[in-house]
Amino acid sequence: MIANLRALAARTSDGHGAQRVAWGPVWRDARRWLDGLLAEEGLRAESDTAGNNWITVPGARPETVIIGGHLDSVPNGGWLDGPLGVLAGVEALRRYAGRTPPATLAVVDFADEEGARFSRSLLGSSGASGSLMPDSVRGLADRQGVRLAEALAENGVDLDRMPEARRALDQRHPRAYLELHIEQGPVLEAMGRSTGAVIGTYGVERHVLRFVGQAAHSGSTPIAMRRDAFLAAAETALACREIARRYSTPETGMVCTVGTVMVEPAIVTAVPGVCEIALDQRALEPVTLQSALADAREAASRAAVANKVSVQWRQVWRIDPCRFDPRLVALCAEAVEEVTGHAPRLPSGPLHDAVEMGRVMPAVMMFAVSTNGLSHCKEEDTPEADLEVTIEAFQRLIDKTVAMVAAE
Ligand SMILES: [Zn+2]
C-alpha cells in the first residue's frame, strides 16, 4: 500500500509537489491509475452523479461500511492527504478478496474534497450527503474565469444532478463511515504517538472586520491625535490570541487566527485610515465557538473605541462543529490501542469528507502523525514505521466495524 502511495505521488507530482487538482487532467490521470490498480484485483469503480467513484464488495448482508478518501490535492500538495484514505480502503477490499465479508464494504474516492480551484471544499461529499445546494455554487469560477458547471461538465458531472447522489447513497444501506487521514498538524508528533482516534471536527466562524479611522500624515500627526485603523485591528488580533488561550482545553483545544491584513492607504508615511483583517475561529463545542465569537466582538469594539475608529463585521462563512459517533470513536481508540499501545483522542482542525458523511450515518476518522505538522506542501510526510502501524490499526477498525454492523 505504501509503495502504491509512492507510485501515485511519482506519477502525479512535479518538483513543487502533487498536482492532482480536482476536475483537471492530472486528477483524471490519478483516477485512471486507480482504475488500473483495481483491475488487478478484479474490482471496478462506478461514478455517482456527484462525480464520486465507488468500489463495492458485496457482503453477506446489504448493510454497508463505507471507507472514504480523496485523490484530489491542492496545487503543490503532498502525497498522503487524501490518497491515504482511498488506498487504505482498497487494501481492505484486497484483504477480503475471495471471501464474502459479513457486511458489505464500499470504498469511495470523493471528488473535489479540497476546493482548491473553485474555493468550495467537500463538493463531491456534500453532493452525496444531499447538503449541496447547486445554486449556492453556480456562480463560482476559477482564476481563469472557467465556471464550476463547465469544469464539472468536462468530467461528465451535471451540477444540478449532484444532490441526486444522496438517493444512491441511501440505497446502499449505509451504516458506518470510516476515514484514515494524516493529522496535518503537530499534536500527535508532540505527544510522540503514531496514531490517534479523532473525536470530531472543529466548527468554524469566519469574519472580515473592517476598521475605519482617518488617514493622516505620519510626521505631523501626534500619537494621541491619531485614528489608526491598523492599531485597532492589531489590538483585536492580540485579544483573539488571549480568547483562544482562555477557551482552549487539553481535550478539545480551540483556535483563533487573523490570517490576512489589508491597510489603506498602505504608504509608509501615512497613518492607516482603513484596515481589514480576516478572523477565523474554530472550536469543537458549539457553546465555546459562540462565546469566543462574542468575546472577539467585544474586544474589537473596545479596540475601536480606544483608537477612535469604527468597526464593522461581515460574516464570510460558518459551519457547525461535528462530533463523531461515540461508539465508532471507542472502536477506533480500541483498534489504535491494540496496535500502538496508546489511544490518544484528538479533534480535527481541518474539515474532512467525514463531516458530510456524518450527516448520513455514524462516522469516525483515524489520524496518522504528520512530520513537523506539515501538510498541503511537498514536505508533507509521515515516517514509514508510523504509517505501517496506523494502516494496521485502521484495518482492525474496519474489521471491528464490519463485525458490529453485521451483528446489528
Ligand atoms: Zn484531505
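Reply:

Gly-68 has Glu-179, a residue of β7, as its bridge partner. A word on the ground rules: this is a predicted model, where local features need pLDDT of at least 70 and side-chain atom pairs count only at pLDDT 80 or more, while totals for chains, interfaces and linings use all residues. Residues are numbered from 1 along each chain as its sequence is written, and side-chain values use heavy atoms, with hydrogens and water left out.

Strands here are DSSP runs of E with at least two residues, helices are runs of H or I with at least four, and both are numbered from the N terminus. Two strands pair if DSSP finds at least two bridges between them. β7 has a parallel partner in β5, with five bridges joining them. Six bridges join β7 to β17 (residues 363-368), and these two also run parallel.

How enclosed is the strand? Buried means under 20% relative accessible area, exposed over 50%, and partly exposed in between (1.4 Å probe, protein chains only). Eight of the nine residues of β7 are buried, so the rest of the structure largely encloses this strand.

Now to the metal. Donors are N, O and S atoms within 2.8 Å of it (3.2 Å for Na, K and Ca), and because water is not among the atoms, sites may look incomplete. His-70 (NE2), Asp-81 (OD) and His-181 (NE2) coordinate the zinc ion at 2.0 to 2.2 Å. Along the chain, these donors follow the spacing H-x10-D-x99-H. Asp-81 sits in the loop between β5 (64-70) and α3 (83-95), and His-181 in β7 (residues 174-182), so this pair ties together parts that are 100 residues apart in sequence. Asp-81 is buried at 4% relative accessible area, and His-181 is buried at 1%.

Rings of Phe, Tyr and Trp (its six-membered ring) pair if their centres lie within 6.5 Å; planes under 30 degrees apart count as stacked, over 60 as edge-to-face and the rest as tilted. That rule gives a count of three aromatic pairs. One of them is Trp-54 with Phe-110, an edge-to-face pair at 6.4 Å centre to centre and 80° between the planes. Trp-54 belongs to β4 (residues 53-57) and Phe-110 to β6 (residues 104-110), 56 residues apart, which makes this a link between distant parts of the chain. Trp-54 is buried at 2% relative accessibility, as is Phe-110 at 0%. Through ring pairs, Trp-54 and Phe-110 join Tyr-177 in a cluster.

For another set of side-chain contacts, look at the charged groups. A salt bridge is a side-chain nitrogen of Lys or Arg within 4 Å of a carboxyl oxygen of Asp or Glu; the structure holds 28 of them. In one, Glu-338 meets Lys-400 with the closest N and O atoms 2.7 Å apart. Glu-338 lies in helix α11 and Lys-400 in helix α13, so the pair ties together parts 62 residues apart in sequence. Glu-338 counts as partly exposed at 40% relative accessibility, whereas Lys-400 counts as buried at 18%. Glu-334 and Arg-396 are linked with Glu-338 and Lys-400 in a network of salt bridges.
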